Every structure is written in structure tokens, then in C-alpha cells.
Amino acid sequence: MKDSWNPILESGPYKNGFFTQVPGYTPGNCIILENTATGEAVLADGRIPASVIRKGKYDRMIRMDTRDRALKLQFSVPAAEENYRYEIDMRVRVKMVDPLAAYKSAVADIAQEIEDALFPTVKTVAGDYGILKPSRDMDEEMVRTCAARHGEDIEGISYEVSALVSSPDKDGMAYRKRYHDAELEKNAKIQEMNAKHTIEQTKLMHAKELSTSVDAVSSILAQVVEGTMSVQQAQENIHATQQHQIAEGLGNISDLVDVMTKMKNANLWSDDEIKALVRGRMDASFDIKGIEASGGGRNVPDDGDFEEDDQAI
């Protein structure tokens, strides 16, 4: 709720005469004497002589509040989108610099008077900011713009803006929420598409690695069939090839687990496909005990057979 401030604390008849005494006052307020017939007024600040009061025929005494005030003002102004508005709470520091001038200005509510004086400035600044822009940027500009004003619009009063907080109205908040929700959904879809692309690239990479592994093993087996490599050498070479490809391709086990988890969460790999991959990796870790080749239907001899042949020769 916004503040209001009428600095007149009390007003009533003043008995003036030959033995007139200067009215007393306390800190934080002052006394003004007025001649209701002529409208002339004077500040009874303790320095005014009684003779001046008698001569002025003052017949009304007004006690005024002269304390510094911090007033809360409120504004409702259109945003750049005219269908929405900004609700603004503003704090101003107010000083009574000339009580007599303030009284003669006949302002009943100082807070409302300041609000009316600042309204054009507040409206102009708010009109440059859309509901989707950060409100703090507008707040800072509004404080800077209003800081140049020091109460020149109200006689006897000085004021300056000390703080300001703004927010969209109810409809503006709903519009901002719809926009942000749409942006979140858009970003989520983009992330999902990127994740699927990454997974597809990962699948292609591993398929390529598998093909390379098969080609390497086939080449080694061909050398065994041709008799240019022993079975033991083939076993050692296949094992070394597999270890090298595992180190370069999948890296450590956590990488493989991470890939399988992403595939499963994206519904791109089933449980059966993951099990098959795991079994394939497990099988690849065992040494080959025997190798068969389709060469006239005969089995490739093991190391013992080669030794027997050598002895026969």
C-alpha cells in the first residue's frame, strides 16, 4: 500500500493581543501563524519578536511536521506491449526545506504530489521495456532518470528516489511464463535431437570398430591357412589386436557403460542388444583355442601337428 503525507499536524484559532507570547515548538515540527483575512503567514521560529506577531494580527496557528520522510509510491504504467503493464513500487526520501513555502502551496498530500510529478518520467521509461526484458534493467534506468529531480515541482519540498522495484502485472506474468515454458520445451527438443545424433554417431563408430576388428582377425586367419603363420602366432596377434582396439576405441569400462546407458535411455538399444554386445566383448577376451578354415574341408592343424610334420620331413 502506498503512503500519504499531510505535513499539517494541527490547525486552529490563535489568540493575539497586547501580551502576545511567541508560540513554542518542539524538534521535528514548526509553528506558522496566519492572518486569515489577508492570507499573510509567518514562520514563528523563536526568532520572531512578539511585536511582529501583534502587528500582523495573526489569528490562526498551524503546527507542521518537518521531519525527513521515506515515502512509498506506486505506479501502474504500460509496458512496450500496450496490452501489459508494469507495477512499480518506489521509495523516495523527502525533506521539508521551507515549511512556510510548503504551507502556502496548499498541498494536502505530499506523497501524491510527488507521485504525480514523477508519473510522466516513469511512464516514458517503462514504455521502452517489453515484458520479456529483465525488470532490473528498467529499474536502474528509471532511478537514474528520476535522480535528476529534487522536488522542484513542489514548493518547500526536496525529494529523491532511493529505491525502486518493478514487476509485470498479472497478465504480463502469465505471458512471460508462457514464453519461458515454450523456450524450455524448444531447448529440450534441441537437446534431445543432439543426444540422438550423438548416439547415432556412437553406433556408427562402434560398428566401424567392429568391422575393423573382423577384418584384422580374418587377415590373420588367412595367413594361418596359407601356412605363413603358426597357430600360436595367430593367437598372440589376435589377442594383441583386440587389446589395441579396445584401448583406442572404447577406452575404459566406464565409457562402454555410459554408451550402453545412453542407448537404453534413448530407446535405441534393447536389453537383448545390450546383452549381445556384452557377450561379444566377453567372448573377444578369451584366447582362441582352435581355428577352422574352409580350405577343402580340412581342419587347420595345431602346433603338435606341425611338429609331427617337421619330424617326418
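This note sets out numbered remarks on the predicted model shown above.

1. Overall composition. The protein chain contains nine helices and seven strands. Of its 313 residues, 31% are buried. Among contacts in the chain with a separation of 6 or more, 70% are between residues 24 or more positions apart. The points below take up particular contacts and local features in turn.

2. The aromatic pair. One aromatic pair is found when the whole structure is searched. Its members are Tyr-84 and Tyr-175, whose ring centres are 4.9 Å apart and whose planes stand at 15°, so the pair is classed as stacked. The angle decides this class, because planes under 30 degrees apart count as stacked.

3. Tyr-175 has a relative accessibility of 25% and so counts as partly exposed. With residues up to four places away in sequence left out, Tyr-175 touches Glu-81, Tyr-84, Ile-131 and Leu-132.

4. Packing of H3 against H4. Helix H3 (residues 110-126) packs with helix H4 (residues 135-147) at an angle of about 145°, and the two axes are 10 Å apart. The crossing of H3 past H4 is right-handed. On the H3 side, the contact is formed by Leu-118, Thr-121, Val-122, Val-125 and Ala-126; on the H4 side, by Met-138, Glu-141, Met-142, Thr-145 and Cys-146. By residue class, this contact comprises seven nonpolar, two polar and one charged.

5. Salt bridges: Asp-65 and Arg-67. The search of the whole structure gives eight salt bridges. In one of them, the side chains of Asp-65 and Arg-67 meet at 3.0 Å, N to O. What is the accessibility class of Asp-65? Asp-65 counts as buried because its relative accessibility is 1%. Arg-67, with a relative accessible area of 45%, is partly exposed.

6. Salt bridges: Arg-93 and Glu-160. A further salt bridge joins the side chains of Arg-93 and Glu-160, with an N to O distance of 3.2 Å. This pair also links distant parts of the chain: Arg-93 is in strand E6 and Glu-160 is in strand E7 (residues 157-168), 67 residues apart. Arg-93 has 43% relative accessibility and therefore counts as partly exposed. Glu-160 is likewise partly exposed, its relative accessible area being 31%.

7. Salt bridges: Lys-189 and Glu-185. In helix H5, which also holds Tyr-175, the side chains of Lys-189 and Glu-185 meet in a salt bridge of 3.7 Å, N to O. Why are these two residues separated by about one helical turn? The reason is that Lys-189 and Glu-185 are four residues apart in helix H5. Lys-189 is partly exposed at a relative accessible area of 49%, and Glu-185 is partly exposed at 48% relative accessibility. Elsewhere in the chain, salt bridges with shared partners join Asp-65, Arg-67 and Arg-69 into one network.

8. Positive phi at Lys-57. Although Lys-57 is not a glycine, its phi is positive, at about 50°. The residue is placed in the loop between helix H1 (50-56) and strand E4 (60-65). Its relative accessibility is 61%, so Lys-57 counts as exposed.

9. Positive phi at Ala-106. Ala-106 is not a glycine either, and has a positive phi of about 55°. Where does Ala-106 lie? Ala-106 is in the loop between helix H2 (99-104) and H3. With a relative accessible area of 66%, Ala-106 is exposed, since that class applies over 50%.

Key: Residues are numbered from 1 along each chain as its sequence is written. This is a predicted model: local features need pLDDT of at least 70, side-chain atom pairs count only at pLDDT 80 or more; totals for chains, interfaces and linings use all residues. Side-chain values use heavy atoms; hydrogens and water are left out. Rings of Phe, Tyr and Trp (its six-membered ring) pair if their centres lie within 6.5 Å; planes under 30 degrees apart count as stacked, over 60 as edge-to-face and the rest as tilted. Buried means under 20% relative accessible area, exposed over 50%, partly exposed in between (1.4 Å probe, protein chains only). Axes are lines fitted to C-alpha atoms, for helices over the stretch in contact, and angles run from 0 to 180 degrees between N-to-C directions. A crossing is left-handed if the near helix is turned anticlockwise from the far one by less than a right angle, and right-handed if clockwise. Contact means heavy atoms within 4.5 Å. Ala, Val, Leu, Ile, Met, Phe, Trp, Tyr, Cys and Pro count as nonpolar, Asp, Glu, Lys and Arg as charged, and the others, Gly among them, as polar. A salt bridge is a side-chain nitrogen of Lys or Arg within 4 Å of a carboxyl oxygen of Asp or Glu.
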